[in-house]
Amino acid sequence: MSSDSTWAAEARRWAAEAASVFVKEWRCEFRTRYALNTLALFAFTTLVVVSFSLGPLGVMKSQGTSVLPVLLWIILLFSVAAGLPRAFVQEEESQTATALRLAATPSALFCGKLLYGLTLVLALEALVTPAYLVMTSLDVASPGLLAAVLAAGGYGLAVGSTLVASIIAQARSKGTLFSVLSFPVLLPLLVLAVELTRGAVTGDPGGVALPVLLLYDAAVTVAGLMLFPVVWNP
Amino acid sequence: MKTLFAWLLWIWISLVIVGAFFYAPVAESFRVPGSSRIVFFHVPMAWSSFLGFIAAAVWSVRYLLRRDPRHDRAAAVAIQLGLLFGVLATVTGAVWARIEWGAWWNWDPRQTSILAALLFYAAYLALRQSVDDPEKRGRLAAAYALLGLVVTPFLFWIVPRITFSLHPEPVVNASGKVEMDPRIQHVLYASGLGFAALFFWVHNLQCRILTLWERKSAP
Amino acid sequence: MSEPASLHFENVRRRFGRLSVLEGVSGAVETGGMLLVTGPNGSGKSTLLRCLAGLLAPDGGRIAYRENGADLDAAARRRRIGVVAPDLAFYSELTVAENLAFFARLRRVSPEKGLAVLDRLSLPLDRMAGALSSGMRQRLRWAWALLHSPRLLLLDEPFQNFDAPGERISRELLAEHLAAGGLAVVANPFNLDFDHVERLDLGR
């Protein structure tokens, strides 16, 4: 049917738009290295501080399983807060947002920025997690579950941060405001992710927590797709 | 009409207070049974705080649909009142926790959840403070309120299920089954209704005050 | 651009804090016509253009853009307009060609039109957008504005920073646009000698 083919063609064009936003973000990023440097520097500095303050003998095994997963997610959370909001703040500050508002379809723009944020977070996790496990001598009983938590939790961090970044980019005092606004939104994600990470370390499957985390990811994604056009355009 | 409502409200709440101390029995299962009377105030305050959130979300949707500044103002006032009732609920809860378990704060999931909700309210108000243009402020605040609506149920309903809770199950029970003395239920629900009515009455007053304020300061 | 198009705005109001910048401004522009908005600094010319572009929500009044008898909403209107404005900026880490290609993909057109305009304006494609002089940046704004063959041009100080050749070519582009049935709203202190010019003076 012709209506099906136009729908498919429209979807393809939409996807191409989102993809071009994604490509543009990474192209600019590779030429400036700003976000990558910020994230990596922040993450490794925090990592060293954590490892240093835990001491050369590390943490007792019994305390380790309750404390160390929390610290990992704190490192990830603060690294993301340091490096991700720039995706929208930079557009407003360099005044490229005007051109973007006139040219882009909001939902495609949101998805392109989200994908960029997601790849940043996943890259961050890939760098930080092995280093963290080594530096804290933490043994993980089920690496599969840990990978799943990092993926689902990382996605949650990306989608929540992208949406909040788009809100604060249009306000004053963006740096502090991002932390203030994103923390309540990301708190359920962090609680679930820490619980599941603990489960991955001890080998306990964690029951209903992983589906709930995925539900959170889905809910915030839908909210983002619906709310971003409101945030973006007057 | 409004004066009649105000009088009815005062009478209702007075009856609730009397009922809380003379009609309802104490809960014998508590360490200090007399302290259980706090439930008639602490729980409805928490309910009203959450009511503020729902009201703000509804007003936010209405604002986004019609872009009427009065709806934006109503949403902001609802959050302010939600914050007020939430702080009261947290404080009364801490007092109760001290009496019952010996510590003001235990980081049990319900206490943590209401604290997170308060952080959300404060964040919403901080956002409003950071945007000067009224149209942009209304739009961004409404979006954030609705994002909060999507996220908060995860805190309230899911976190307590997953982690162990110190909160007394028979009294503050999320699964719906209530196993308490009927007289306690009567006063509790009457109080809940009273606090909800109080919320809307104060909300209405505050919106009218703000409207007058704006009219006065407009050139 | 054969179907008729028109832009009407009535009683547009906008204030910033206590300052009322636009107090009930009305105007209209039809196919092939141009509306020249004049007035001293601070009279609201840029604000009006931003409202017409959908970048700013007016506090009151109505803005209606019609094509072929049908009213287009703000999102559809955005697709039909091309904007040149002093605060329009592009990605300084991308070249001129990369910038245009990116926006062409967003607009879902091929970048040819924009590249052709750039060619006329003699702007080097491989120069980093951050390394452009102010005159060259203005040329890039014109190329960007015409990229998707818009029906309505909203031009805020369109000849700013231009040298003589730049100004000449962009006037030609504007004349061609109007001759082909396009509409234009121009905020510009300099006089433009065109037919079908309506004037709207925002001065007090």
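Predicted model: local features only at pLDDT ≥ 70, side-chain atom pairs only at ≥ 80, totals over all residues.
**Notebook: strands and an interface**

Residues are numbered from 1 along each chain as its sequence is written, and chains are lettered from A and ligands numbered from 1 in the order in which they are written.

**Entry 1: the hairpin**

S1(C) and S2(C) make a hairpin with 2 residues between them, and C:Gly17 in the turn has a positive phi of about 65°. I found 9 bridges joining S1(C) to S2 (residues 19-30) in the antiparallel sense (strands pair if DSSP finds at least two bridges between them). S1 (residues 5-16) of chain C also pairs with S4 (residues 60-67) of chain C, antiparallel over 7 bridges. There, C:Ser6 has C:Arg66 in S4(C) as its bridge partner.

**Entry 2: strand S7 of chain C**

Which strands flank S7(C)? I found S6(C) parallel to S7(C) over 4 bridges, with C:Val84 opposite C:Leu155. S8 (residues 183-187) of chain C is joined to S7(C) by 5 bridges and also runs parallel, and C:Ala184 in S8(C) is the bridge partner of C:Leu153.

Is S7(C) buried or exposed? 5 of the 5 residues of S7 (residues 152-156) are buried, so this strand is largely enclosed by the rest of the structure (buried is under 20% relative accessible area, exposed over 50%, partly exposed in between; 1.4 Å probe, protein chains only). C:Leu152, C:Leu154 and C:Asp156 point one way, C:Leu153 and C:Leu155 the other.

**Entry 3: where C meets A**

I then turned to the interface, where 25 residues of chain C meet 26 residues of chain A (contact means heavy atoms within 4.5 Å). Chains C and A bury about 2400 Å² between them, 63% of it on carbon and sulfur atoms (the accessible area, 1.4 Å probe, that two parts lose on being put together, summed over both). C:Glu93, C:Leu106 and C:Arg108 give 28% of the area that chain C buries here, more than any other three residues.

How many salt bridges run between chain C and chain A? I count 3 (a side-chain nitrogen of Lys or Arg within 4 Å of a carboxyl oxygen of Asp or Glu). One of them joins the side chains of A:Arg31 and C:Glu98, 2.8 Å from N to O.

On the side of chain C that touches chain A, S6 (81-84) and H3 (96-107) each supply at least two residues. H3(C) gives the largest share, 6 residues.

**Entry 4: two single residues**

C:Ala179, in H6 (residues 164-179) of chain C, counts as exposed at 71% relative accessibility. Its C-alpha is 6.0 Å from that of C:Gly32, 147 residues apart along the chain.

A:Val80, in H3 (residues 61-83) of chain A, counts as buried at 2%. Leaving out residues up to four places away in sequence, I saw A:Val80 touch A:Leu39, A:Pro85, A:Val121, A:Leu124, A:Leu157 and A:Ser161. The C-alpha atoms of A:Val80 and A:Leu39 are separated by 6.8 Å.

How values were computed. Heavy atoms only, no water.
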